[in-house]
Amino acid sequence: MSFLFSSSLGRKLVMAVTGVSLIAFLLVHCLINAMVFFNDGGATFNVAAEFMSSNWLIRTAEIGLFVGLLLHIVQGLWLVGDNRKKRKSRYQIDGGSANSTWYSRSMGLLGTIILIFLVLHLKHFWVVSRFEIPHGITEEHTLFHEMVEIFLNPVAVIVYVLGCISLSYHLLHGFSSAFQTLGVNHKSYTPLIKSLGVVFSIVIPLIFAAIPVVMHLGLIK
Amino acid sequence: MKLESKVPQGELSTKWTQYKSSVPLVNPANKRNLNIIVVGTGLAGASAASTLAEMGYKVSAFCFQDSPRRAHSIAAQGGINAAKNYQNDGDSVYRLFYDTIKGGDYRSREANVHRLAEVSTNIIDQCVAQGVPFAREYGGTLSNRSFGGTQVQRTFYAAGQTGQQLLLGAYSALERQIGLGNVKMYARHEMIEVVKVDGKARGIIARNLVTGELERHFGHAVLLCTGGYGNVFYLSTNAMGSNVTAAWKAHKSGALMANPCFTQIHPTCIPVSGHYQSKLTLMSESLRNDGRIWVPKKKDDNRAPNNIPEEERDYYLERRYPAFGNLVPRDIASRAAKERCDAGYGVGPSKMAVYLDFKYNMTEKYGRAEATKRGISNPDDATLVALGKELIEEKYGNLFDMYKQITDEDPYEVPMRIYPAVHYTMGGLWVDYELQTSVPGLYALGEANFSDHGANRLGASALMQGLADGYFVIPYTIGSYLSKEIHTKPIPTDHEAFIEAEKRAKDRINQLMGIQGTRSVESYHRELGKIMWDKCGMARNEKGLKEAIEEIKALREDFYKNVRIPGSVDEFNPELDKAGRVADFLELGELMCHDALNRNESCGGHFREEYQTEEGEAMRNDNDFTCVFAWENKGENNWELHREELNYENIKIQQRSYK
Amino acid sequence: MGNSMKINLKVWRQKNQNTTGLFETYSVEASPDMSFLEMFDVLNEQLIEDGKEPVAFDHDCREGICGMCSMVINGRPHGPKQGVTTCQLHMRSFKDGDTVVVEPWRSNAFPVIKDLSVNRGAFDRIIASGGFVSVNTGSAVDANSILIPKDIADTAFEAATCIGCGACVSACKNASAMLFVGAKVTQLSELPQGQAERESRVVAMVNQMDAEGFGACSNTGACAAECPKEIPLSVIANLNREYYKAKLNGK
């Protein structure tokens, strides 16, 4: 199994597999978050949030998720660094825009922005939901309340929206790229995967980004 | 000097089999102690180097390009012949043999050609086994097409990239042996001297083109697989780097040069467009399967080709040669084009071109067939064109794209403009049946030798010959020599023969670098090319050839006074490489003119204006010239002519007719 | 012959592998019908006349098949046109007065020999590591005894048209050679002849590719977009699949 960390293809496999898992996670995360749109004062959302933080199966999967995330980050940054070293003498003119999209060439940068956002995001919600709320759950102190409170701050809203834009572009390349790395390339399925990827990369971050915005505007209470 | 062809005794069809069964062998333990040098890594070189290494010999291979995969065999487009008779159209080894002899205008050696036809079938098997992706039919069997000078479909192909696919097959076999350590590869190395010890070839001096260093390499035998010398004409379909240097150094070390004036002018090339032109691009002969050649019936007709009505077009090949039509051999098609253009019927801006038109076959042959297949009754013209275009695209797409890229004209819409250009040289180092030159231990394979194509090569036969020599001939015939060399210990490269050869090479380089004149190498090459094309090209005459000899002499003298080579010796210096090659062309050109001047007949690609029939067809003189001209170098641009008589025991020599 | 055009060239000049290079500026009178390399011929003749050193560049067949020519023109390998090599790029793709920047393939795995010439020996070593079918001369069966469906033959052929020029590496931001390796692996894994060594081949070739110092693939697609032979990106997916399958089987 050492090839997963030594061979270029093995390392890409790690990126693809963890990437696909993270995509799956994003879907679940987004569905749960979307429950705030019921506009029931967070009642439904809180039930789901509590389930996620108390179910032992979810908690176990969460460990896997973190391992995957960590692998994705470490392997990703390591690869970006390594790849950069393969061309010591740089081109005078970068013709990249003629043959590829800027975001496909900027996965490291986009990933890093997401990482910075993530640190903040985990501090805001994950730490709270896992370590604070379970110890002192009250009617007033729910995850929903936490959201409402945080998104009162316009800076937080902007940071979250920027994070979601980065995520969108990261996914725009990452989604179909993961399948390509996994060796899925087919006359009829690949265009389907690509379209699905585009829809996913736009819709999911859009839903994520909508929450802080509507909360800030007080449309959801 | 007596030329000994070493053709085995016996019935023609059994000569090769008997030879193989009786040639001395070298046992595996001894093979490991025998070094073979292979110069050139095209089809002949790569196939020879890999096969000899597979057999156990220690091989060193050299090429001047940056990788063995770039040799010019890669550019062959149309296909490779083999007497497989997969199409059930009556093909056989004998027919391929017969077609090749006849196509060569009865100027090649029967036994060699028969052997070539025999092994042709093995080549296809070998290449398919290597994974060469030949074109296939829906049932999974191999597909064939026709080429000039034949009435059967025996040409195997891979779209318009057959040479590339075959070379990549041979190259992969070679790389495999390099990986296994059986071949040591020297890329970006040019052979510039043969080393002879006691009259036998024992090694080479090679120049490392990156560092400029001269290197000495020992071999029990030396194989030259260095291709042809068409670049003596400056403009040709050869690669820019294709050169005669290795063969010429061998010639100057005693190997005879045979029939050097036998040059193939390919009828279908893209015409010259300007004085800066560096090379000419071939449009595969396979296009003549579906393209019809014509010129306007009216002189100086300046109408666009599509505006010239059918009845005002002269399909001159179909008119003159009804039996073979557009598929006459190359020499005949080329001359016919020249004849029309010289008579004032040429087309295009330079008036030195004829049309190659696909419209008829695109609509009537392919369009209609496809319409029938799809059940479209009474298709209109637009439908026929659309349907036909799809099929034409599948068959020749890359060639059409290339044509469009170069000329900025769309050949799906307007006919191609084509004109003959130098393509291949049938002449080359004289070799016997074993492919050995007149220097013991020095062999020549592929286009570098003269052996199989007589005075004209048929389409799709060059690939066949290169691979035949490398895969299936030399591995046997070299045993005859090496079996006697098993006691020869490797000669250390500080032997005086190596020192002397290296000194000769070094002196020559210093001489060139020392001139520091005013003219570029390229300008000399261009001027030589023009002399050769005008006076030793598609048509030659005594007066022109004599003039050419004097002009070349004068040009050579000027070259050694006024050439300017920038840079230094001990670095990557392409101008110096080119200068060495042009210096050799300046000598070869003269010999070609002597050869053409001495051959008082017309045959194949050699057309002497003094010797033609009333209809303008080539007139051979079988009584005096059924022979090979083999030239021995006598130093200072003097040569002595030797003749090898050609005995036709199995084929009755006839007037070649494609009417 | 069309009108004359003036081209300003900024060309990378580097004496050898051990020196650092720099750009020099030249001006050339060209014709629209010239190929890009013929324009360089004109430049070089001019330089020689002026007693200067000509620009070293690799080229051979000049008909788009040998894979020797290699110039990055205004940031793009083989220039602005799709599906052609530098030798098949014509000056009509440029305008009178254009400034054109010409650089060599840049990648650690392709060290510069001089000016625009680079060493692509790494590709040969990758092929030597496994890009072949191990079949000695003389041991083949009759060609038609191996039936190959036309679509498989066509896929294999499409992959086999790679000319090994290295444009893929030069275009890739990671200097990855995946398209080159993928093309050869696809050709041989599709064909029945390549089955015996299918797994060992892909592992050996990938190992060699990594050892040569090429980067990892990040699927930007630049390689396929710049490939003069238009080798599709699917060969990379195929390479991935073949490699993982081989690894799964413990190769």
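A residue counts as buried here if 20 or more other C-beta atoms lie within 10 Å of its own, as exposed if 12 or fewer do, and as partly exposed in between, with C-beta atoms placed from the backbone. What you have above is a predicted model, where local features need pLDDT of at least 70, side-chain atom pairs count only at pLDDT 80 or more, and totals for chains, interfaces and linings use all residues. Residues are numbered from 1 along each chain as its sequence is written, and chains are lettered from A and ligands numbered from 1 in the order in which they are written.

Let's start with phi. Most residues other than glycine have a negative phi.

| Asp105(B) | near 60° | 26 | buried |

Where do they sit? Lys6(B) is in the segment before α1 (15-22) of chain B. Asp105(B) belongs to the loop between α4 (93-103) and α5 (110-130) of that chain. Helices (H or I, at least four residues) and strands (E, at least two) are DSSP runs, numbered from the N terminus.

**Chain B's domains**

Chain B splits into domain 1 (267-421) and domain 2 (503-645), with the bounds coming from an automatic or database domain assignment. Their centres, taken over C-alpha atoms, are 34 Å apart. Six residues of domain 1 of chain B are in contact with six of domain 2, contact being C-beta atoms, placed from the backbone, within 7 Å. Helix α9 (residues 330-342) of chain B supplies the largest share of the domain 1 side, five residues. By class, that side has one nonpolar, one polar and four charged residues. For the classes, Ala, Val, Leu, Ile, Met, Phe, Trp, Tyr, Cys and Pro go down as nonpolar, Asp, Glu, Lys and Arg as charged, and the others, Gly among them, as polar.

**Where B meets C**

Of the two pairs of chains that touch, B and C have the most contacts. On the chain C side, 67 residues are in contact with 62 residues of chain B. Elements giving two or more residues to that side of chain C are α1 (36-49), β6 (112-114), α2 (121-130), α3 (150-160) and α5 (178-190). Which one gives the most? That's α2(C), with six residues. Sorted by class, the chain C side comes to 31 nonpolar, 21 polar and 15 charged residues.

**Chain A**

Chain A has nine helices and zero strands. Its C-alpha trace spans about 60 × 40 × 35 Å along its principal axes. Of its 221 residues, 30% are buried. Among contacts in chain A with a separation of 6 or more, 76% involve residues 24 or more positions apart. What about chain B as a partner? No contact joins chain A and chain B, and their closest C-alpha atoms are 20 Å apart.
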